[in-house]
Amino acid sequence: MKIVSVDPFILHLPLTAESIADSTHRITHWGVVGVRLRTSSGLEGFGFTGTHADPASDRLITSCIKNAYGPLLLGEDAVEHTRLSYKLARSPALQWVGRAGITQLALAAVDVALWDLRAKHADLPLWRFLGGATTTVQAYNTDIGWLSIPTDQLCSGAKRAVDEEGFRFVKIKVGHADPAVDLKRLRAVRQAVGPEVSIAIDGNGKWDLPTCQRFCANAADLDLFWFEEPLWYDDVESHRVLASSTSIPVALGEQLYSLDAFKAFVAAGAVQYVQPDVTRLGGITEYVQVADLALAYRLPVAPHAGEMSQVHVHLAFWHPATTILEYIPWIKDHFREPIVVRGGNYVLPQGPGAGTTPLDSSVAKYSVALT
Ligand SMILES: [Mg+2]
């Protein structure tokens, strides 16, 4: 199964709403920036990272895939996917300029494509290729909770997700300049969905430490499941202080690029819900290392949906530290095997591979030029 071509691609897929905003950005499309690896056996592997659909930065990633990783992949046997991933991750020239940012996002796409190939080669869905399902996976709905949604619609959307779609867990974005606005919105949502629905919140790193501490004290009666990215993404010490001063569990990880970054947070006691993402770590290879790290500390893993859960659904069913997975339905219908949530739980995928093969029709319609 020799790799005979390395073809990057960019898809800009429209959201289910006209646009959404959290505390840091507003977007209209999700960028699926990835690679198609063709092999001598005829099998094709697909992997991608997730972006804000910005053509200029997306092209940095595809250029890295094509020009930096491409020559290291051509002619190699895709069966040896672990060796290949390390060959790319430890390339001296790329290690010198990378280990985070563009080179890591590009590596993530390639690594996922290699795993997709290995699972397809075995004719198994990735979760079975890895060793089978160990758990059921509950879905939590993020798409009803954006900061840009007015409070009345926030409540009706959360109630609809619970009453009509079977979700038992929703996530609400926070991060207004005045946190009292967020508290008011959360109280309205809690009243709308009742005491038995889990509500997590996500600040996207907006607030400073005293604001977070004050907010957590004032939110103590809301029974919040976790506070995600309360503080700036890389700040281990402030997260440690917050985690030790509130009973609301801290969740983070979607902005972390490496096993070592996770290790620093876990070792400091600065995180309770560990949220790795194959699209930002060096793909599935490093994700598994992070999930095992969390398991060793008896911390739950709740993956971030940078790939909108097409890949993470496999990893969540397989890895015993994961029972919860984010649900955002923006891109699923552009894939051969879309993720499915029924009664608030994910349905086990059945097709071979990692769930990353896009529909030809979507590629034809939503591709963005590479130059
Ligand atoms: Mg988040």
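## How α1 and α4 pack

In this predicted model, let's start with two helices that sit against each other: α1, residues 55-73, and α4, residues 102-121. Two packed helices are described by the angle between their axes and the distance between the axes. Here the angle is about 60° and the axes are 9 Å apart. The crossing of α1 and α4 is right-handed.

Who does the touching? On the α1 side you'll find Leu60, Ile61, Cys64, Ile65, Tyr69 and Leu73, and they meet Ile102, Thr103, Leu105, Ala106, Ala109 and Val110 of α4. Sort the residues of this contact by type and you get 11 nonpolar, one polar and no charged.

## A closer look at α1

Helix α1 has 19 residues and spans 25 Å from its first C-alpha to its last, close to the 27 Å expected at 1.5 Å a residue. There's a bend of about 30° in α1 at cysteine 64. Just after the helix comes glycine 75, with a positive phi of about 85°.

Which residues of α1 are buried? They are Asp58, Ile61, Thr62, Cys64, Ile65, Tyr69 and Leu73. These buried residues pack against the strands β1 (3-14), β4 (29-39) and β5 (44-51), and also against α2 (81-89) and α4.

## Valine 197, a buried loop residue

Now hop over to the loop between α7 (179-193) and β8 (198-202), where valine 197 lies. Valine 197 counts as buried because it has 20 C-beta neighbours inside 10 Å, and 20 or more is what it takes.

Leaving aside neighbours within four places in sequence, valine 197 is in contact with Val162, Arg168, Phe169 and Val170. Valine 170 is 27 residues from valine 197 in sequence, yet their C-alpha atoms are 7.6 Å apart in space.

Conventions:
Residues are numbered from 1 along each chain as its sequence is written. This is a predicted model: local features need pLDDT of at least 70, side-chain atom pairs count only at pLDDT 80 or more; totals for chains, interfaces and linings use all residues. Axes are lines fitted to C-alpha atoms, for helices over the stretch in contact, and angles run from 0 to 180 degrees between N-to-C directions. Helices (H or I, at least four residues) and strands (E, at least two) are DSSP runs, numbered from the N terminus. A crossing is left-handed if the near helix is turned anticlockwise from the far one by less than a right angle, and right-handed if clockwise. Two residues are in contact if their C-beta atoms, placed from the backbone, lie within 7 Å. Ala, Val, Leu, Ile, Met, Phe, Trp, Tyr, Cys and Pro count as nonpolar, Asp, Glu, Lys and Arg as charged, and the others, Gly among them, as polar. The expected span of a helix is 1.5 Å times one less than its number of residues. The bend at a residue is the angle between axes fitted to the seven residues ending there and the seven starting there. A residue is buried if 20 or more other C-beta atoms lie within 10 Å of its own, exposed if 12 or fewer, and partly exposed in between; C-beta atoms are placed from the backbone.
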